[in-house]
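Please look at the chain below before reading the briefing.

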Amino acid sequence: MIPSKEGCKSKEFMSLNIKVLQIVGVWPNIYVTKKFEWLHKIYTFYGRFFMLALLMNVSAQVADFILSLNDLETLAANGSVTFIYLSAFLKQLNFFINRQRFMNLVENIQNGNFSQSLNWDEERNIIVYRGNKKSVIINWLYFGITFGTAGSFFITAFINTYPEVFGLQPTLSGNETVKMLPLKAAFPYDVQEPMYFMITFWFQFSMLTLAPLLNSGIDTFTISLIVHCCVQFQVLKHALRNIEKRVTMSITEDKTYYNEAQLEEGKSVIHLSPFLFYNENASKNAKSGNNTVFFIFQSLDNQNVDELIKFVQLLATATSQIFLFCWFGNDLTYQASTIFKTVTNS
């Protein structure tokens, strides 16, 4: 009797990543019953509306960035945040264009399609679930760092906008109180007008909530793909190392079965190639797209403790992003490069 070819299946794999991406509207669909199918149209509208809103926010920040080119201190303070939001929009656009491909990759992971084999053992289950546990831990740690940084922006925004609530003196320009927005941006209207200020304030406040979630959601999604890709390579190498024993246990009379087993295991390398291509490029983009110079300059130059803490947290977020992509990107390269050695020794 030939053992089952089915690998490890679980809808838990990358489920956290999917939920986060659904919140920001970039995942291709939401899972609802037929009774609530009308929610799909609302979800699609929400995703496209959020993309438009983020583009408007980035445009206003870029306009302010251009206007402050002659002021190095202001440029450093605004430039880092501007590039973070620009990066979030570019990630959102890229994910939206390739969303169906990403969904197919995740479904293949959840359905065990990359781990099909002539025999599946408990050791390979342990490898897969250990990798998934690592992915979940990394996700929560990265979310914690990101929202710790976003939280400092929330607090600063409310203190600057409503200082009297916290017992502080408001910023004055002559006899008029100057209200501060959460994010530095240029608008084609007077933001000090009460109605315009209120609309702009809550618009930016929503961007302070959703944009970091989008940014960290896509980052953790990519990191999780890298981790699961590494896991699949580990499973493949385990299968290759034990292929003779597994074939012998399955069928002892059919002499051609061994070669068929090698062929089935080898196909996994071809199926995993989309992971390798996408994630190596994502790692390179993450390393080249950081704003470390802006962060360091602003942190050293700023005498305001609140602002200093805020930009130190930004630096920590950027550093953790670079570290995670470099670390797991290197692991991915190692796992892929040792496949052929494992084939040779098996």
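A salt bridge is a side-chain nitrogen of Lys or Arg within 4 Å of a carboxyl oxygen of Asp or Glu. The structure holds one salt bridge. This is a predicted model, in which local features need pLDDT of at least 70 and side-chain atom pairs count only at pLDDT 80 or more, while totals for chains, interfaces and linings use all residues. Residues are numbered from 1 along each chain as its sequence is written, and side-chain values use heavy atoms, with hydrogens and water left out.

**The chain as a whole**

- The chain has eleven helices and two strands; these are DSSP runs numbered from the N terminus, with helices being H or I of at least four residues and strands being E of at least two.
- Along the sequence, their order is α-α-α-α-α-β-β-α-α-α-α-α-α.
- Of the 346 residues in the chain, 47% are buried; buried means under 20% relative accessible area, exposed means over 50%, and partly exposed lies in between (1.4 Å probe, protein chains only).
- Among contacts with a separation of 6 or more, 78% are between residues 24 or more positions apart, where contact means heavy atoms within 4.5 Å.
- The accessible surface of the chain is about 18,300 Å², and carbon and sulfur atoms account for 63% of that surface; accessible areas come from the Shrake-Rupley method with a 1.4 Å probe, and for residues only the protein chains shown count as cover.

**The salt bridge and Asp-219**

- The side chains of Asp-219 and Lys-91 form a salt bridge, with an N to O distance of 2.7 Å.
- Asp-219 belongs to helix H6 and Lys-91 to helix H3 (residues 72-97), so the pair ties together parts that are 128 residues apart in sequence.
- Asp-219 counts as buried because its relative accessible area is 3%.
- Lys-91 is also buried, with a relative accessible area of 17%.
- Leaving out residues up to four places away in sequence, Asp-219 touches Lys-91, Tyr-142, Gln-321 and Phe-325.
- The side chains of Asp-219 and Gln-321 are joined by a polar contact of 2.8 Å. A polar contact is a pair of N or O atoms within 3.5 Å; within protein, one must be able to donate a hydrogen and the other to accept it, and residues adjacent in sequence count only if both atoms are side-chain atoms.

**Lys-237**

- Lys-237 lies in helix H6, which covers residues 194-241.
- With a relative accessible area of 5%, Lys-237 is buried.
- Leaving out residues up to four places away in sequence, Lys-237 touches Tyr-334, Gln-335, Thr-338, Ile-339 and Thr-342.
- Lys-237 and Ala-336 are 99 residues apart along the chain, and their C-alpha atoms are separated by 9.8 Å.

**A nonpolar surface patch**

- Val-32, Phe-36, Trp-38 and Ile-42 form a nonpolar patch on the surface, with about 370 Å² of accessible area together. Patches are made of residues with over 30% relative accessible area and no salt bridge; like charges are joined within 9 Å, and nonpolar side chains (Val, Leu, Ile, Met, Phe, Trp, Tyr) within 5 Å.
- Val-32 sits in the loop between helix H1 (15-23) and helix H2 (39-67).
- Val-32 counts as partly exposed because its relative accessibility is 32%.

**Annotated regions**

- An unreviewed UniProt entry gives the annotation "transmembrane region" to residues 49-69, 75-93, 140-159 and 195-214. UniProt positions are given in the numbering used here, feature names are shortened, and annotations may be inferred rather than shown by experiment.
- Residues 49-69 are 90% helix and 0% strand, and the end C-alpha atoms are 31 Å apart.
- Residues 195-214 are 100% helix and 0% strand, and the end C-alpha atoms are 28 Å apart.
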